[in-house]
Amino acid sequence: MSVGHIEVGTDRSYGVHVDRAVLEAVDGGDLRARGVFVLADEKAWALHGAGLKGLGTAPRLELTGGEGAKTLTRLGEVLDALALSGLSRASTLITFGGGSIVDLGGLAASLFKRGIDVLHCPTTLLAQVDASVGGKTAINLTLGKNLAGTIHQPRGVFADPDVLQTLPPEELASGLGEVLKTAILGGEEQLARLEAAGADLARCQHEATAALVADCVRTKARIVAEDPWERGPRRALNLGHTFAHAIEHCAGYGSVPHGIAVAVGLSLALEASAAAGILEDSGLPERARRLQRILGLPSSLADLRGEHDLGPEGLRAGLAQDKKGAVGRPEFVLVRKPGEMALGVELEDELLQSILA
């Protein structure tokens with residue numbers, strides 16, 4: 001099934017290509033003429049690297065993916081590898097892997113020689129629907145997730161839904177957490193499409209997955225084009241993320257996959273929306289819980305606390321370092337109804353304490 005080309009209209013527009021065997025379209029000859037380097041997740045490269053037929057012998061650094069890759073130490077390793085490869089400012093860094101490799105590679109590209117092109121080949125569902133689109137790059141610091149980063153739009157994105165067939169169930173579920181978030185942001189029609197396709201998505205059925213990847217990319221592309229630098233409407237993309245980043249911080253980065261934390265963060269955001277009198281669609285929390293069950297996602301802190309230490313004080317410490325607000329004053333994206341958010345909301349301490357209990 002060909003889903004085609006989706007344009008992201010920023011100050012430097014680029015295309016997101018979602019299709020079977022689309023990795024073969026990455027032109028090794030053109031890129032090689034200006035210099036190219038591949039930053040790859042070692043597991044993804046072993047499984048699917050042959051799809052980049054024109055770049056199999058290009059200089060490459062393979063890393064272990066996951067949140068452990070998003071550190072100052074790994075960033076230094078990537079920058080050193082780029083320098084040793086003799087790249088120029090006209091060269092291109094290609095990322096091949098999941099969200100952590102996309103984030104790390106995008107940041108390295110934005111810094112090396114004050115900025116070179118980056119092209120993303122995302123190999124996880126989370127990276128295809130979220131991390132590879134929009135230009136956000138980041139690494140984690142001790143005090144919080146994604147506290148050091150830039151916005152550096154890619155030259156292009158090439159997403160093959162077929163590579164998702166090799167994802168472990170937990171990694172697939174992590175991507176589905178972002179899919180659910182994006183469907184609520186997209187509005188009633190997109191949410192209904194997700195409800196109709198939920199069972200097929202949980203099985204990673206190709207046609208359903210390809211269509212939903214494209215659906216999510218279109219929604220994110222529309223929001224990013226309206227606000228490339230996240231100074232206004234783009235903040236809606238952080239729905240569920242303030243709670244999610246606190247969960248990841250409290251549990252230890254990498255202990256709870258990002259999209260799993262987002263799924264729980266979404267439930268907490270809906271609970272806060274209702275408690276704060278912002279939620280207008282009273283049936284939305286139950287629809288979200290139903291989809292979480294179908295997609296194999298947790299829907300509450302209780303679902304995670306059996307395996308992770310997520311006490312209220314630890315979560316509050318994570319919230320205190322949220323990058324979207326002042327230190328100690330986190331800001332939340334809350335929900336009025338599908339497609340309509342309330343941005344930059346500060347919650348009363350008593351309400352927040354109740355939600356985290």
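Q: Which side chain does E67 meet in a salt bridge?
A: K145, at 2.8 Å, N to O. A salt bridge here is a side-chain nitrogen of Lys or Arg within 4 Å of a carboxyl oxygen of Asp or Glu.

Q: What kind of model is this?
A: This is a predicted model, where local features need pLDDT of at least 70, side-chain atom pairs count only at pLDDT 80 or more, and totals for chains, interfaces and linings use all residues. Residues are numbered from 1 along each chain as its sequence is written, and side-chain values use heavy atoms, with hydrogens and water left out.

Q: Back to that pair. Where do E67 and K145 sit?
A: E67 is in the loop between β4 (60-63) and α3 (72-84). K145 is in strand β8 (residues 144-148). They are 78 residues apart, so the pair links distant parts of the chain. Helices (H or I, at least four residues) and strands (E, at least two) are DSSP runs, numbered from the N terminus.

Q: Is E67 buried or exposed?
A: Buried, at 14% relative accessibility. K145 is buried too, with a relative accessible area of 6%. Buried means under 20% relative accessible area, exposed over 50%, and partly exposed in between (1.4 Å probe, protein chains only).

Q: What does E248 do with K145?
A: Their side chains meet in a salt bridge at 3.1 Å, N to O. E248 lies in helix α9 (residues 241-251), 103 residues from K145 in strand β8. Both E248 and K145 are buried.

Q: Which residues are linked in that network of salt bridges?
A: E67, K70, D103, K145 and E248.

Q: How many salt bridges does the structure hold?
A: 25. Another one of them joins D349 and R316, at 2.4 Å, N to O. D349 is in helix α14 (residues 349-356) and R316 in helix α13 (residues 312-320), 33 residues apart.

Q: How exposed are D349 and R316?
A: D349 is partly exposed, with a relative accessible area of 46%. R316 is partly exposed as well, at 23%.

Q: New topic: the sheet. What is the strand order?
A: β1-β2-β9-β6-β5-β3-β4. That is an open sheet of 7 strands with mixed pairing. Two strands pair if DSSP finds at least two bridges between them.

Q: Which strands stand at the edges?
A: β1 (4-8) and β4. Each has a single partner strand, so one side of each is left without a neighbour in the sheet. The twist averages 15° from one strand to the next.

Q: In what sense do β3 and β4 pair?
A: Parallel, over 4 bridges. Strand β3 covers residues 36-41. D41 stands opposite L63 in β4.

Q: What does α3 touch on the sheet?
A: β3, β4 and β5 (92-97). The direction of α3 makes about 165° with that of β4. Helix α4 (residues 99-111) also packs on the sheet, touching β3, β4, β5 and β6 (117-122). Its direction makes about 170° with that of β5. Contact means heavy atoms within 4.5 Å. Axes are lines fitted to C-alpha atoms, for helices over the stretch in contact, and angles run from 0 to 180 degrees between N-to-C directions.

Q: How many aromatic pairs are there?
A: 2. Rings of Phe, Tyr and Trp (its six-membered ring) pair if their centres lie within 6.5 Å; planes under 30 degrees apart count as stacked, over 60 as edge-to-face and the rest as tilted.

Q: Why is the W45 and F96 pair called edge-to-face?
A: Because the planes are at 75°, with the ring centres 5.3 Å apart. W45 is in helix α2 (residues 42-48) and F96 in strand β5, 51 residues apart. Both W45 and F96 are buried.

Q: And what about F243 and F332?
A: Their ring centres are 4.8 Å apart and the planes at 35°, so the pair is tilted. F243 lies in helix α9 and F332 in strand β10 (residues 332-337), so the pair ties together parts that are 89 residues apart in sequence. F243 is buried, as is F332.

Q: Last one: how many helices and strands does the chain have?
A: 14 helices and 11 strands. Buried residues make up 57% of the 357 residues.
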